[in-house]
Amino acid sequence: ELLLEIIDLHARVENKPILKGVNLKIHAGEIHAIMGRNGSGKSTLSKVLAGHPAYEITRGSIMYRGQDLMVLSPEDRARIGIFLGFQYPVEIPGVSNIEFLRVATNARRIGKGQDELDTFEFEDLVHERLKIVQMDPTFLERSVNEGFSGGEKKRNEILQMALLEPIISILDETDSGLDIDALRIVARGVNQLSSPDTAILLITHYQRLLEEITPDYVHVMASGRILRTGDNQLALELEKIGYDWVDQELAALE
Ligand code: ADP
Ligand code: MG
Ligand code: MG
């Protein structure tokens with residue numbers, strides 16, 4: 001099944017064109033990685049997919065299972081199965097993590113046509129899913145992400161993913177200075193949660209991460225477009241040759 005189809009996507013922020021014609025198709029069962037230098041537009045793509053209001057689409061389309069995604073609010077996108085992990089997860093003082101997770105999980109369950117879970121049912125579910133991220137249950141009672149370390153926020157994000165059971169997970173790992181523990185948490189989460197019915201879009205400049213998660217496709221983004229697509233071999237090659245070749249190819253395009 002074709003889950004996500006991005007066609008000739010152009011987008012700008014603060015009147016500055018950033019995405020300049022992104023084309024990408026993601027089918028069920030696939031893991032895609034997007035790599036590229038800093039500033040190439042990777043995070044912008046993930047924010048546009050999330051429906052971030054600061055990013056204006058100026059051309060092209062985004063279809064999710066045959067439906068126009070661009071007209072949906074960020075909340076509706078989450079409800080129908082799109083998960084956006086953020087590089088810098090927000091802190092929400094005064095809201096307990098377990099309550100936040102329960103509200104998000106129930107919104108998604110309604111989207112899946114399932115009943116909402118009461119506090120007791122949710123507690124069983126969340127304790128089961130905690131095992132995936134090996135997170136201490138005391139984190140459930142604390143305010144959302146408040147005072148969490150980078151690695152703890154990352155665990156919390158993957159826990160959220162495990163609870164929401166998204167159809168497509170978009171994980172932007174760039175620039176966040178993930179330590180090895182955090183990389184492993186992401187890798188475990190992705191490997192345990194990927195299935196023939198779901199897809200993952202992993203935005204990363206960590207070749208390390210791709211040693212633990214083998215993507216079916218690796219895309220190189222540069223100057224707001226996907227310049228090259230290959231398999232995991234391409235990621236290994238990039239590790240060796242870097243991104244200098246990108247400039248020549250861009251010069252030929254622009
Ligand atoms: P990447 O994730 O590949 O490092 P980004 O998508 O974060 O790249 O950034 C792409 C370009 O867009 C950069 O030149 C960046 O400065 C610019 N940009 C991103 N967000 C904003 C913003 N909110 N305001 C102005 N420029 C932005
Ligand atoms: Mg960046
Ligand atoms: Mg980025």
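Helices (H or I, at least four residues) and strands (E, at least two) are DSSP runs, numbered from the N terminus.

This is a predicted model, in which local features need pLDDT of at least 70 and side-chain atom pairs count only at pLDDT 80 or more, while totals for chains, interfaces and linings use all residues. Residues are numbered from 1 along each chain as its sequence is written, and chains are lettered from A and ligands numbered from 1 in the order in which they are written.

**Overall form**

The chain has nine helices and twelve strands. Its radius of gyration is 18 Å, close to the 18 Å that the globule rule gives for 254 residues, so the chain is as compact as a globular protein of that length. The radius is taken over C-alpha atoms, and the rule is 2.2 Å times the number of residues to the power 0.38. Along the principal axes, the C-alpha atoms fill a box of roughly 60 × 40 × 35 Å.

Of the 254 residues in the chain, 38% are buried. A residue counts as buried if 20 or more other C-beta atoms lie within 10 Å of its own, as exposed if 12 or fewer do, and as partly exposed in between, with C-beta atoms placed from the backbone. Among contacts between residues at least 6 apart in sequence, 72% join residues at least 24 apart; a contact requires C-beta atoms, placed from the backbone, within 7 Å.

**The four-stranded sheet**

Four strands form an open sheet in the order E2-E1-E4-E5, with antiparallel pairing. Strand E2 (16–27) and strand E5 (67–68) stand at the edges with a single partner strand each, so one side of each has no neighbour in the sheet. Two strands pair if DSSP finds at least two bridges between them. Strand E1 (residues 2–13) pairs with E2 in the antiparallel sense over nine bridges. Leu4 has Ile26 in E2 as its bridge partner.

**Ligand 1 and helix H1**

Ligand 1 is surrounded by 14 residues, and the closest are Gly39, Ser40, Lys42, Ser43 and Thr44. A residue is near a molecule if its C-beta atom, placed from the backbone, lies within 6 Å of it. E2 and helix H1 (42–50) are the elements that give two or more residues to this shell, and H1 gives the most, with three residues. The shell divides into three nonpolar, eight polar and three charged residues. Here Ala, Val, Leu, Ile, Met, Phe, Trp, Tyr, Cys and Pro count as nonpolar, Asp, Glu, Lys and Arg as charged, and the others, Gly among them, as polar.

H1 is mostly covered, with seven of its nine residues buried. Lys42 and Thr44 are among the buried residues of H1.

**Individual residues**

| Residue | Other C-beta atoms within 10 Å | State |
|---|---|---|
| Arg65 | 15 | partly exposed |
| Glu165 | 19 | partly exposed |
| Ile180 | 9 | exposed |

Arg65 lies in the loop between strand E4 (55–64) and E5, and has a positive phi of about 45° although it is not a glycine. Glu165 lies in the loop between helix H5 (150–164) and strand E9 (168–172); its phi is positive, near 50°, in a residue other than glycine. Ile180 belongs to helix H6 (residues 180–193). From Ile180 to Gly151 the separation is 29 residues in sequence and 9.2 Å in space, C-alpha to C-alpha.

How values were computed. Two residues are in contact if their C-beta atoms, placed from the backbone, lie within 7 Å.
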